[in-house]
Amino acid sequence: MKKVIVACGSGVATSQTVASKVTRLLKERNLDDIKVEVVDLKSVDSHIKSSAAYIAITKVEKQYSIPVINGIAFLTGINMEAELQKIIDACK
């Protein structure tokens, strides 16, 4: 099972919304082996090593060893399919 993490400023409403949407989109594509997990922004660094991708809601100031996905796309629908494909590719 691959893990994708989602984090926003407070780790509550927005990240939960994005995680739910991404989970639903992955299930629609029969990709049940990808787990989407909400984490606190302060704990992102500790989850990076065990994750295939990071869905960021806030602006990311540093470089990570895994793909960083634009989480705003899942709120607005703009470029959502492209960002979803990045998640799928990262989990292959």
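Residues are numbered from 1 along each chain as its sequence is written. Since the model is predicted, local features need pLDDT of at least 70 and side-chain atom pairs count only at pLDDT 80 or more, while totals for chains, interfaces and linings use all residues; side-chain values use heavy atoms, with hydrogens and water left out.

**Exercise 1. Size up helix 1**

Task: Compare the span of helix 1 with the expected one, then work out where its buried residues point.

Solution: 
- Start with the term: helices (H or I, at least four residues) and strands (E, at least two) are DSSP runs, numbered from the N terminus.
- Helix 1 covers residues 13–28 and has 16 residues.
- From first C-alpha to last, helix 1 reaches 23 Å, close to the 22 Å expected at 1.5 Å a residue. The expected span is 1.5 Å times one less than the number of residues.
- Next, sort by accessibility: buried means under 20% relative accessible area, exposed over 50%, and partly exposed in between (1.4 Å probe, protein chains only).
- Ser-15, Val-18, Ala-19, Val-22, Leu-25 and Leu-26 are the buried residues of helix 1.
- Looking down the axis, you find these buried residues within an arc of 130°, so they line one face of helix 1. The arc is taken from the directions from the helix axis to the C-beta atoms.
- Ala-13, Lys-27 and Glu-28 sit on the other side of helix 1 and are exposed.
- A handy bit of background: an α-helix has 3.6 residues a turn, so residues three or four places apart point the same way.

**Exercise 2. Find the cores**

Solution: 
- A nonpolar core is a set of buried Ala, Val, Leu, Ile, Met, Phe, Trp, Tyr and Cys residues joined through side-chain atoms within 4.5 Å.
- The largest one has 21 residues, and Val-22, Ile-55, Phe-74 and Ile-87 have the most contacts inside it.
- Strand 1 (2–7), helix 1, strand 2 (34–38), strand 3 (53–56) and helix 4 each give two or more residues to this core. Helix 1 gives the most, with five.
- Another core, of eight residues, lies apart from it; Val-44, Ile-48, Ala-56 and Ile-66 are among them.
- Zoom in on Phe-74: leaving aside neighbours within four places in sequence, its contacts include Val-18, Val-22, Leu-84 and Ile-87.

**Exercise 3. Check the cysteines**

Task: How many disulfides are there?

Solution: 
- A disulfide is a pair of cysteine sulfur atoms within 2.5 Å.
- By this rule, the count is zero.
- Cys-8 is in no disulfide, and the nearest cysteine sulfur, that of Cys-91, is 20 Å away.
- Cys-8 counts as buried because its relative accessibility is 4%. Cys-91 is buried too, with a relative accessible area of 10%.

**Exercise 4. Look into the loops**

Task: Are Asn-30 and Ser-51 buried or exposed?

Solution: 
- Asn-30 lies in the loop between helix 1 and strand 2.
- At 65% relative accessibility, Asn-30 counts as exposed. Its phi is positive, about 60°, although Asn-30 is not a glycine.
- Ser-51 is in the loop between helix 2 (44–48) and strand 3. Its relative accessibility is 8%, so Ser-51 counts as buried.
- A polar atom of the Ser-51 side chain lies 2.7 Å from the backbone oxygen of His-47.

How values were computed:
Contact = heavy atoms within 4.5 Å. Polar contact = N/O pair within 3.5 Å; in protein donor to acceptor, adjacent residues only side chain to side chain.
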